[in-house]
Amino acid sequence: MLKELNETAAYINSKTENFNPQCGIILGTGLGGLVSEIDAKYILDYHDIPHFPVSTVEGHSGKLIFGFISGKKVVVMQGRFHYYEGYTMQQVVYPVRVMKLLGIEKLFLSNASGGVNPDFEIGDVMILNDHINLLPSNPLIGKNEKEFGPRFPDMSEPYDLSIIKSAHEIAKDLGYKVHEGVYVSVSGPCFETPAEYKYMRIIGGDAVGMSTVPEVIAARHMSIPCFAVSVITDIGVEGRIVEVTHEDVIAAASKAEVKMTAIFKALLAKQ
Ligand code: HPA
């Protein structure tokens, strides 16, 4: 795997004049607005990058965008890989490992999720302070690559406390109400039943979604500080559960995306 990763990184470096991004950014469903804030220098199609996972959805090849946001050198993944699409966990986190080889020092992520905390409403923003992995696997299963990190990595601070603190300050300055809470990751692709949402709440979750956790596990394995935000796109609280479609999720995410984009921009300026 290391050989392939190095080949991927060498290819990217050759196409981007060794751009050497400082921050990696992975954007969630309906949350691509940050892309228009990038002063883009290089854009690579996933399908042109050696060993990069190939998109299963026709006409939906993602892009790796290199450029500047708030004066910081960033690499942005426009389109992430989900376990429910049939990728292995190793494929889901492959881009995170590549970003590490390209030089990132911090990873910023966003996602759309269902709120199971009764205080939450559609369109709210939640900063992740922890997670519970209910995906049926873990990206670190298999041979451990010592060059990346230990066999049994510590997970006592999955989300960087100092970045969380500055995100709260930024949200306050911008006049945004933000929550903080625990994200539960599931495989999907079906949304939860009412009993499942109730279970997520009982075990300590505030929001539930189908991404983020594998990438954070791979990043923390490599000691990369992570910061992640969920946009609440539907509510999984008894008495408030209604039918939900992917279109509803996208519509709710794009409404809240302005807030998320503003927070990310200001946060990047501080890195
Ligand atoms: N459950 C799981 N994933 C999601 C949800 C949800 O309610 N909303 C957006 N992604």
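Tutor: Contact here means heavy atoms within 4.5 Å. The model is predicted, so local features require pLDDT of at least 70 and side-chain atom pairs count only at pLDDT 80 or more, whereas totals for chains, interfaces and linings use all residues. Residues are numbered from 1 along each chain as its sequence is written, and side-chain values use heavy atoms, leaving out hydrogens and water.

Consider Asp206, which lies in the loop between helix H4 (194-202) and strand E8 (207-209); helices (H or I, at least four residues) and strands (E, at least two) are DSSP runs, numbered from the N terminus. Not counting residues up to four places away in sequence, Asp206 touches Gly114, Gly115, Val116, Asn117, Phe120, Met126, Gly181, Val182 and Arg201. Asp206 is buried, with a relative accessible area of 10% (buried means under 20%, exposed over 50%, partly exposed in between, with a 1.4 Å probe and protein chains only). Its side chain reaches the backbone nitrogen of Val182 at 2.8 Å. The side chains of Asp206 and Arg201 are joined by a polar contact of 2.9 Å, that is, a pair of N or O atoms within 3.5 Å; within protein, one must be able to donate a hydrogen and the other to accept it, and residues adjacent in sequence count only if both atoms are side-chain atoms.

H2 and H5 pack at an angle of about 55 degrees, with axes 9 Å apart; axes are lines fitted to C-alpha atoms, for helices over the stretch in contact, and angles run from 0 to 180 degrees between N-to-C directions. H2 is therefore oblique to H5, since angles under 35 degrees count as roughly parallel, over 145 as roughly antiparallel, 65 to 115 as roughly perpendicular and the rest as oblique. Met89, Val92, Val93, Val96 and Arg97 of H2 meet Pro214, Glu215, Ala218, Ala219 and His221 of H5. After H5 comes Ser223, whose phi is positive, near 60 degrees.

His221 also belongs to the surroundings of Glu145: leaving aside neighbours within four places in sequence, Glu145 is in contact with Met1, Leu2 and His221. Glu145 is found in the loop between E6 and helix H3 (161-174) and is buried, with a relative accessible area of 10%.
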